[in-house]
Amino acid sequence: MGLLDGLRVLDLTMWRPGPYATQLLAQQGADVVKVEPPGGEPMRVFRSHFDLLNQGKRSVALDLKSAAGRERCLGLAAGAEVFVEGFRPGVADRLGVGPDAVRALNPAIVYCSLSGYGADGPLRDVPGHDVNYRAYAAALGPDAPPPTADELPVADMAAATMAAFAITAGVLRARATGVGSRLDLAMADVVAHWVATVPESSRPADGTGPVPGYGVYATADGERVTLGVVSEQRLWSATCQALGLAEHADVPFPERLARVAELDKAVAAAVARLTRDEALERLTAAGAPVAPVLTRAEMLAHPHFRERGVTSPTRTVGDVVRVVPFARDRDGVRPVVASPPKTTAELDEHRGQGWLSTDWNIE
């Protein structure tokens, strides 16, 4: 059984943030209906990408620009607990499936809107994607290189995860009180909130880490490892001993801060004399905080992630349920801040298939 078994979710989102948010819910047992436009979501063209974000959902094709499609959507919403849309601000209202229309039929529903900059504010109507939201939120450094095609879309994934959390919190309240929620979630808001929790950087101008032994270090074979030493004396000592820097092992943290450039360059030079495997072996054996910089393929093949079932985000081991994988309540009540199919459904596959109860079927 999933943690969210029985939760009914109507998903009108496309591309990445919304589909990932609802997939997180589906992976915990929620029954997610993906409402797609005639012809399907544009991401179906990129089928491998689409499949990664839409497994475990049902599919219904509806033309929301038609009276029949709109009424069918509202009919499904009347029997759902959650409604998620990712249109530009105002579009859902123009289509007749905005929060007022949906909540008039179902006052207890949790209605979540995901957008780049939110439902109000000066940037409300500005178009954008992940890199734009990170830029506005001060999550791109002044010398940041252009993102690559396979770069992790931080704003998209952070907002999706926050949406799943906020939706779940809204459902808890709705089930306890019968009162639904109107959630306004902006991708830029989430990243800005993250950035605001991190103190202003004091990174040296020469490119060394914030403290000695914290950063990414090149190895002799052209690979890279990361070290995560902060203030802990034992971790600094272990790192120094493993790298043949015993003369620096007892340097206390205040002195390390005063000698950042010197000590970090010594660490970098010592790592550069070793291959990645040699560095990992020595540092791990010494109890130092080290990790390799892996490719996606290497990560998926790694014994740790294979054992923990990263590609199957919910696993029950004994009595332990392992779960892998900033929204605002626009009603002003309080801020919300700081087992479906295993494969991807074909377009409109579930029209005519009944649900677990007769009050929400999609014939």
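**A working conversation about the structure**

Analyst: Let us begin with Arg 276, which counts as buried because its relative accessibility is 12%. Please keep in mind that this is a predicted model.

User: Which residue meets Arg 276 in a salt bridge?
Analyst: The side chain of Glu 298 does, with an N to O distance of 3.2 Å. Glu 298 lies in helix α13 (residues 296–301) and Arg 276 in helix α12, so the pair ties together parts that are 22 residues apart in sequence.

User: And is Glu 298 buried or partly exposed?
Analyst: Glu 298 counts as partly exposed, because its relative accessibility is 29%.

User: Are Asp 31 and Arg 58 buried or exposed?
Analyst: Asp 31 is buried, and Arg 58 is buried as well.

User: Which way do the side chains of β2 point?
Analyst: Asp 31, Val 33 and Val 35 point one way, while Val 32, Lys 34 and Glu 36 point the other way, and all are buried.

User: In which sense do β1 and β2 pair, parallel or antiparallel?
Analyst: Strand β1 (residues 8–12) pairs with β2 in the parallel sense, over four bridges. Arg 8 stands opposite Asp 31 in β2.

User: A change of topic: which residues make up the two faces of strand β8?
Analyst: In β8 (residues 224–228), Val 225 and Leu 227 form the covered face, whereas Arg 224, Thr 226 and Gly 228 form the uncovered one.

User: How many bridges join β7 to β8?
Analyst: Five bridges do, and β7 (residues 214–218) and β8 run antiparallel. Ala 218 stands opposite Arg 224 in β8. The two strands form a hairpin with five residues between them, and Gly 222 in the turn has a positive phi of about 85°.

User: What joins β8 to β9?
Analyst: Three bridges join β8 to strand β9 (residues 290–292), and these strands run antiparallel. Thr 226 stands opposite Ala 291 in β9.

User: Now the surface, please. Which residues form the negative patch?
Analyst: That patch is formed by Asp 221, Asp 277, Glu 278 and Glu 281. Glu 281 is placed in helix α12 (residues 276–286).

User: Why is Glu 281 called exposed?
Analyst: Its relative accessible area is 60%, and exposed means over 50%.

User: Which residues form the nonpolar patch?
Analyst: Trp 15, Val 45 and Phe 46 form the nonpolar patch on the surface, with about 350 Å² of accessible area together. Val 45 is in the loop between β2 and α2 (47–54) and counts as exposed because its relative accessibility is 68%.

User: Where is Gly 116 found?
Analyst: Gly 116 is found in the loop between β5 (110–115) and α6. Gly 116 counts as buried because its relative accessibility is 11%. The C-alpha atoms of Gly 116 and Asp 189 are separated by 8.4 Å, although the residues are 73 residues apart along the chain.

User: Finally, the overall view: how many helices and strands are there?
Analyst: The chain has 14 helices and 12 strands. Of its 363 residues, 43% count as buried. The chain exposes about 18500 Å², and carbon and sulfur atoms supply 56% of that area.

How values were computed. Residues are numbered from 1 along each chain as its sequence is written. This is a predicted model: local features need pLDDT of at least 70, side-chain atom pairs count only at pLDDT 80 or more; totals for chains, interfaces and linings use all residues. Side-chain values use heavy atoms; hydrogens and water are left out. Patches are made of residues with over 30% relative accessible area and no salt bridge: like charges are joined within 9 Å, nonpolar side chains (Val, Leu, Ile, Met, Phe, Trp, Tyr) within 5 Å. Accessible areas come from the Shrake-Rupley method with a 1.4 Å probe; for residues, only the protein chains shown count as cover. A salt bridge is a side-chain nitrogen of Lys or Arg within 4 Å of a carboxyl oxygen of Asp or Glu. Lys and Arg count as positive and Asp and Glu as negative; His and the chain ends are not counted. The place of a charge is taken as NZ of Lys, CZ of Arg, CG of Asp or CD of Glu. Buried means under 20% relative accessible area, exposed over 50%, partly exposed in between (1.4 Å probe, protein chains only). Two strands pair if DSSP finds at least two bridges between them.
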